[in-house]
Amino acid sequence: MKNQSGQKETIKKVLRYIRRYWFLLAVSIVMATVTVALTLYFPILTGRVIDKIIGPSQVDFPAIFNILKQAAFAVAFTALAQWIMNVCNNRMTYRIVQDIRNEAFHKIEILPLKYIDGHSYGEVVSRVIADVDQFADGLLMGFTQFFTGVITILGTLGFMLSVNVTVTGVVVMVTPLSFFVAGFIAKKTFTMFKLQSETRGEQTAFIEEMVGNQKVVQAFSHEDEALAQFDEINGRLEACSLRAIFYSSLTNPSTRFVNNLVYAGVAVIGALYAIRGGISVGQLSCFLSYANQYTKPFNEISGVVTELQNALACAARIFELIEETPQIPEKENAIVLQDVKGKVELSHVDFSYVPDKKLITDFNLAVKPGQRVAIVGPTGCGKTTVINLLMRFYDVNSGKICVDGADIREVTRESLRENYGMVLQETWLKTGTIRDNIVMGKPEATDEEVIAAAKASHAHSFIKRLSKGYDTVIGEDGGSLSQGQKQLLCITRVMLCLPPMLILDEATSSIDTRTEIRIQKAFATMMQGRTSFIVAHRLSTIREADVILVMKDGNIIEQGNHETLLEQKGFYAKLYESQFAS
Amino acid sequence: MRKLLVYLKDYKKETVLAPLFKMLEATFELFVPFVMANIIDYGIGGADDGAVLRSGAILVALGLIGLLCSITAQYFAAKAAVGFSTKLKHALFDHIQSLSFTEIDTLGTSTLITRMTSDVNQVQNGVNMVLRLFLRSPFIVFGAMIMAFLIDVKAALIFVVTIPLLAVVVFGIMMITMPLYKKVQAGLDAVLLTTRENLTGARVIRAFHKEAEETERFEEKNVALTNLQLFVGKLSALTNPVTYIIVNVATIVLLYTGAVRVDEAIISQGQVVALVNYMSQILVELVKLANLIILITKALACANRIEGILEVTSSMQWGEMAATPEIAEGIAASVEDGEAVREADRMAAVVQNGNTAPAVEFDHVHLAYEGAGGESLSDIHITVKKGQTVGVIGGTGSGKSSLVNMIPRFYDATKGTVRIDGRDVKTYGMEELREKVGIVLQRPVLFRGTIRENLLWGRGDASDEELWEALSRAQAKEFVEAKEGGLDAFVAQEGRNLSGGQRQRLTIARALVGNPEILILDDSASALDYATEAALRTAIRELPKETTVFIVSQRASSIRHADQIIVLEDGETAGLGTHEELLAGCEVYQEIYYSQFPKE
């Protein structure tokens, strides 16, 4: 029940998208009706012609000529109507797809990061791409098929009844049989298909693991075991695939058989009638072609129903994304931060990602303009949490964070983030030229400015060596650039706009130490007179920091400067001794 | 495609019988209009109820036989197709596992995965459909034409004109639209790329408040895609109306010709009806055929891609021989090449001298990767005694990983020789060598299963105590104990449910379980904090004395106590010696060291 009302909801939403194109829809429906009517009319004309061809010297040529002329017109109009219908359907489908995709993408841009962090990218992408495609194919094609199918059935019934009631009765009685057969097979095969797709999924996961990490497999000479395991899954898949494919392939022959029965029934009863003068031969031939046409939509409709349901399921997934609550919108009178000095205060901040797992509680910190804050702690201690809060990627649960005295929730996101320069450990570059990537924060920058920034971050020398220098196009996620080079580009990006506050992740892992020293110098120049938050790995950075935040298990456990923290003889002191005093 | 057909070999019977039964079914279908003509001409014409009923019985019988034939055909087709894909997947998996790292690098793992999954599925589907329909549809088209000829030659000539005309239209539109569909796919890829980029780069995009600009970029690509789809759609929307016109115009001509022929007493009324029926059968089959061809084209493209993978052969040959003097002599006798003879002599000497040979020896080794412009390593020359610890240090891309990857022979030297226990690595059997060498790769990879299953990769028959010992050495004991289930704790695919540091420690433990003679740690402690790393270092030092250890690191502290340190820069040896020696005489080393431990 609940499921059904959900489906109804989805259908309503789908209709809302279609409404914009009501004109196309109306034209499409009219044309579909015309097409079906004319298609059905053609066998009648054929039948009439046949009735005029009785035997040698019993052919009424003038009448035939007349009917054939009508037939020719009917054919021309049918083709035209069909074409217009197709074009309308196409237009409607693709425009709706375009609308939905735009809306979905727009949503992605305003979703809270919590959603993006919490869902795999593949899943979201597949909603925007694959689900929308399936929806379009299934729903709109399904809809037209369903519609023309229903009209065809009704039209055929009408035409048949107008010709002969008894023979029509035969057709009507037998046809549902094929419907039942198809439905029966579909129901029986459903579980087989489910098992097949589950096993296939298992196999894909295994392939991804073993082939994706083939180097490890080989390093441990694990090939034979892997192959044996693979064969086991493969064997199971073979068995269940065979069943699923074979049983589902019975639908076609079975329904065709039922059709043949209908055909034979019409032929026999029609012929017996004809002998008694009930109908003419032409009418019988017309009936026979109807008998074929009448059963076809039944078979199609049974397929269409599943297709429609599938399409609705896809639509529901898309709407789920589109209707996801966006991040809290800006206050109407949100402040635009200007001439930021860089005073940052956190007072009584509580924060956690999941409600029942407390993370940061009652955290207080006051950073004066130009001060340096180092964040230290063992791997995986949640240093990014602080960055998430400062940049307002996540909102605090309670308490507040102020920049220059203004609560950041009262400030426009744009002006807040504009005043931070951020270099994260996970480098991200977009497809485009090197230059595009550097000028992200300052699109109007001149070439001289770009080069100056690149020189300051020591990226210039490698950029220069690329085939097209600053105009070199890099592929998805940096393409062929090394991790270190990507990092340098991300630094250049910040170097170019130099905002009053900085968030830096001292990413030591991907840059060799000598390059790092140069970057370090660049960082030092950048930090001059700017409030900076640094996820620090280097002793010198930590020592020079005005405030050190010590984090463990996502929590800020100690806070102070180097000397005071050492005196505390707490976690920091232990950390310091183990790392640097060796 | 031809190469793939091998995998159908075991299903010869099925591949022949499936289309055969399909054709049988089609034959029965072709008889239907014929029987119908009889009903009209003899049953109705002769007012003979008996004739009508007999013909009706024949129709039902034809349908029944058709059903049986068809079911048989479906079964054989499904069996052949599924069996084929099962064998193909087995062969592919086996083949991929035999490829050396060089080939895996050039092909890329994501490509390999798609080949094994979606491509094979497409081919399976293609095989199934081809067996079912590929012969049936043309058979009905031409069968209908032949039946028409049997009825009346002059009327049949209309078929002769119509069929090629239909074929030209249907396939012509297909030929034009198919390359366009490729463009549509490219457009869709562009939309997909932008979407993914905006998810992976959400933080950066928001930090630079580029949301509006990105939306614009997306909409631009989206509109381009829509326009392309509309254009292609308009073209393919022509197929139905045009074929409809051709077939029905042909029917009109057929009716007229029929009228003339009946008038001339050449054919009967029932035969005219039969002719019209044959014409409509052709239309139905042509549409099926067009769909089938699209499917086949797709399947063929996939098949070619799969074949491409199967054609790649491993560039590495493995030795079979064990190090016994007889075999070594055998090599000396059989190989005429001077270098090889010397190598064999040396091997024989090694076998006699036993343990005196160095554990690992790089003899003027050069390495250039496939397709790379320059050498990644040049003239590396280093000798490592059994039980020594070697530190490898250098900047990003200086060739550290390349160097250690040559020990288990992940890559072969382009020049020079790598020897283990005095024997060229190329003379080892693959398992023999990789059991000797335990390597912990940079990227810590674990597999779906339990912690125990993962550790047993190192050595299948290790006991729990041995596993715990390895864990404790790898500093992983504490967190494994804390996990629910301990050794039986579940590890998700790629070890996603563990932190980076935990994964690294488990991969180290996995290598330790194998008790390797040579242990290589390729920057595999980078995610560990200094304290844990220091403890790990101590534990490694306490390994059995004969274990030779290579430590690759960016941290000078990790390698400063090594017996030998090799400093790499741009693939060349910038220094070789102990920490003290290098600190005194190697400029590159000094620079690295002081960048991490500032002079105070």
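**Exercise 1.** How many residues of chain A are in contact with how many residues of chain B?

*Solution.* The model is predicted: local features need pLDDT of at least 70, side-chain atom pairs count only at pLDDT 80 or more, and totals for chains, interfaces and linings use all residues. Residues are numbered from 1 along each chain as its sequence is written, and chains are lettered from A and ligands numbered from 1 in the order in which they are written. Two residues are in contact if their C-beta atoms, placed from the backbone, lie within 7 Å. On this criterion, 118 residues of chain A meet 125 residues of chain B. Helix α3 (residues 61-110) of chain A supplies the largest share of the chain A side, 23 residues.

**Exercise 2.** State the strand order of the open sheet of six strands in chain A, and identify its edge strands.

*Solution.* Helices (H or I, at least four residues) and strands (E, at least two) are DSSP runs, numbered from the N terminus. Strands pair if DSSP finds at least two bridges between them. The order is β6-β9-β10-β3-β11-β12 (chain A), with mixed pairing. The edge strands are β6 (420-423) and β12 (555-560) of chain A, each pairing on one side only. Within the sheet, β3 (residues 372-376) and β11 (residues 547-552) of chain A are parallel, joined over four bridges; A:Ile375 has A:Leu549 as its bridge partner in β11(A).
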